[in-house]
Amino acid sequence: MARVKRAVNALKKRRKVMRLAKGYFGAKSKQYRAASEQVRRSLRYAYIGRKLKKRDFRRLWIARINAAARINGLSYSRLINGLKVAGVDINRKVLSELAISDPAAFAALAEKAKQAVK
């Protein structure tokens with residue numbers, strides 16, 4: 001088996017890690033081993049964070065829709081069910097924006113949901 005000398009590739013790998021670790025506190029931005037561990041952790045946290053962000057936003061939208069629905073005399077679940085039965089295909093993000101920026105339009109949708117459920 002031939003010997004592999006990794007001079008250039010190893011240096012590129014280390015530079016990449018150190019570039020990612022720029023701005024970290026103490027040894028984590030200066031020493032390769034500490035930086036490597038922290039970068040690995042940080043990338044894992046970033047991956048997990050991207051998944052959590054979706055959940056957090058959905059929870060926020062649902063809370064906003066629920067608050068606006070209760071103002072209009074419905075619960076969240078009855079509103080969503082009513083809209084589904086009425087054939088109104090609108091996602092939660094848009095529905096929450098309507099609840100905030102255009103309460104009259106949201107009230108109209110709520111009324112439509114009430115009629116569909118009866």
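Colleague: What is the handedness of the crossing of helix 1 and helix 2?

Modeller: The crossing of helix 1 and helix 2 is left-handed. A crossing is given that name if the near helix is turned anticlockwise from the far one by less than a right angle, and is right-handed if clockwise. Please note that this is a predicted model, in which local features need pLDDT of at least 70 and side-chain atom pairs count only at pLDDT 80 or more, while totals for chains, interfaces and linings use all residues. Residues are numbered from 1 along each chain as its sequence is written, and side-chain values use heavy atoms, with hydrogens and water left out.

Colleague: Why are helix 1 and helix 2 called roughly perpendicular?

Modeller: Helix 1 (residues 7-20) and helix 2 (residues 32-71) pack at about 65°, with their axes 9 Å apart. Axes are lines fitted to C-alpha atoms, for helices over the stretch in contact, and angles run from 0 to 180 degrees between N-to-C directions. Angles under 35 degrees count as roughly parallel, over 145 as roughly antiparallel, 65 to 115 as roughly perpendicular and the rest as oblique. Helix 1 and helix 2 are therefore roughly perpendicular.

Colleague: Which residues make the contact between helix 1 and helix 2?

Modeller: Helix 1 contributes Lys13, Arg14, Val17, Met18 and Leu20, and helix 2 contributes Tyr32, Ala35, Ser36 and Val39. Contact means heavy atoms within 4.5 Å. By class, this contact has six nonpolar, one polar and two charged residues. Ala, Val, Leu, Ile, Met, Phe, Trp, Tyr, Cys and Pro count as nonpolar, Asp, Glu, Lys and Arg as charged, and the others, Gly among them, as polar.

Colleague: What makes helix 4 and helix 5 oblique to each other?

Modeller: The axes of helix 4 (residues 92-101) and helix 5 (residues 103-117) come within 6 Å and cross at roughly 125°. Helix 4 and helix 5 are therefore oblique to each other. Their contact has eight nonpolar, one polar and no charged residues.

Colleague: Why is helix 2 called oblique to helix 4?

Modeller: Helix 2 and helix 4 pack at about 45°, their axes being 9 Å apart. That angle makes helix 2 oblique to helix 4. The contact includes Arg58 and Trp61 of helix 2 and Arg92 and Leu95 of helix 4.

Colleague: How do you know that Arg92 is partly exposed?

Modeller: The relative accessible area of Arg92 is 23%, so Arg92 is partly exposed. Buried means under 20% relative accessible area, exposed over 50%, and partly exposed in between (1.4 Å probe, protein chains only). Not counting residues up to four places away in sequence, Arg92 touches Arg58, Trp61, Ile62, Ile65, Tyr76 and Ile80.

Colleague: Why does Arg58 count as partly exposed?

Modeller: Arg58, which lies in helix 2, has 43% relative accessibility and therefore counts as partly exposed.

Colleague: How many helices and strands does the chain have?

Modeller: The chain has five helices and zero strands. Helices (H or I, at least four residues) and strands (E, at least two) are DSSP runs, numbered from the N terminus.

Colleague: Why is the chain called more spread out than a compact globule?

Modeller: Its radius of gyration is 26 Å, well over the 13 Å that the globule rule gives for 118 residues, so the chain is more spread out than a compact globule. The radius is taken over C-alpha atoms, and the rule is 2.2 Å times the number of residues to the power 0.38. Along the principal axes, the C-alpha atoms fill a box of roughly 80 × 35 × 20 Å.
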